[in-house]
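Subject: A structure for you to explore

Hi there,

Here is the structure I promised to pass on. Please have a look at it first, and then read my notes below.

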Amino acid sequence: MLSVYLICVGKLKEKFYKDACAEYIKRLSPYCKLTLMELPEVKLPQKPSLGEISAALEKEGEAIRAKIPPSSRVVALCVEGRMRSSEELPQMFPVPGRSRDKHMVFVVGGSYGLHPSIKAEANVQLSMSPMTFPHHLARVMLLEQIYRAFKISEGAPYHK
C-alpha cells in the first residue's frame, strides 16, 4: 500500500475544515497509508517586512525538509506550479514495483506559501488554481483530489 504524506504548515482550528479533512482521511484509508503532519506556522507581526517573511519561510522550510522521508516523490503546492486535471493527478503517483519512490509527499505551506528551496527541491510544483484560497481550504481540496485520484485509478464512477 502506498504511503502518502501530507505535510502542512499551520494547524486547523475551524471545525468545518477538521470535519472535511477527517471525512477524506477516512475515505482514503482503503487506498493508502495517509500520514498528516501539521507543522507550526512561524508567528509574524501584523505587517511583516519582506525580511521577516523570508526568515519565517526559511524556518518553516527546514521543518518541512526534516519531515520528508527518504525515497519520496514530493509535490509542492504553490502558485507558480503547473495546473493539472483530476485525470492527470493519478499519473503523478509512484507505481509500486516500478518506481524508486516509495512515498508520495504533498506539501502545503502557510499563509505566505513555501520557501523557494522547498519548491525547487520538489519533484513537482502543483497549482490548484489561479485563484487564491486559504491554505486550510487548500488542504481539504487536496485531500479530496487525492481521493478522486485513487477512484479514477480504479475506474470508479466517483470522479464524473
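The protein chain has four helices and five strands; helices (H or I, at least four residues) and strands (E, at least two) are DSSP runs, numbered from the N terminus. Along the sequence they come in the order β-α-β-α-β-β-α-β-α.

A word on the source: this is a predicted model, in which local features need pLDDT of at least 70 and side-chain atom pairs count only at pLDDT 80 or more, while totals for chains, interfaces and linings use all residues. Residues are numbered from 1 along each chain as its sequence is written, and side-chain values use heavy atoms, with hydrogens and water left out.

Now the overall shape. The C-alpha trace spans about 50 × 35 × 25 Å along its principal axes. For 160 residues, a compact globule would have a radius of gyration near 15 Å, and the 16 Å of the protein chain agrees with that. (This radius is taken over C-alpha atoms, and the globule rule is 2.2 Å times the number of residues to the power 0.38.) Buried residues make up 48% of the 160 residues, where buried means under 20% relative accessible area with a 1.4 Å probe, protein chains only.

What holds the inside together in terms of contacts? The largest nonpolar core has 29 residues, and Val4, Phe93, Phe106 and Phe150 touch the most other members. A nonpolar core here is a set of buried Ala, Val, Leu, Ile, Met, Phe, Trp, Tyr and Cys residues joined through side-chain atoms within 4.5 Å. Helix 4 gives this core its largest share, seven residues. There is also a second, separate core of 13 residues, which includes Val9, Met37, Leu39 and Val105.

Which strand holds Arg73? Arg73 is in strand 3, and it counts as buried because its relative accessibility is 18%. Among the residues it touches beyond four places in sequence are Asp101, His103 and Asn123.

Leu77 also lies in strand 3, which covers residues 72–83. Leu77 has 11% relative accessibility, so it counts as buried too. Not counting residues up to four places away in sequence, Leu77 touches Phe106, Val107, Val108, Leu114, Leu126, Met128 and Leu142.

Enjoy exploring!

Notes: Buried means under 20% relative accessible area, exposed over 50%, partly exposed in between (1.4 Å probe, protein chains only). Contact means heavy atoms within 4.5 Å.
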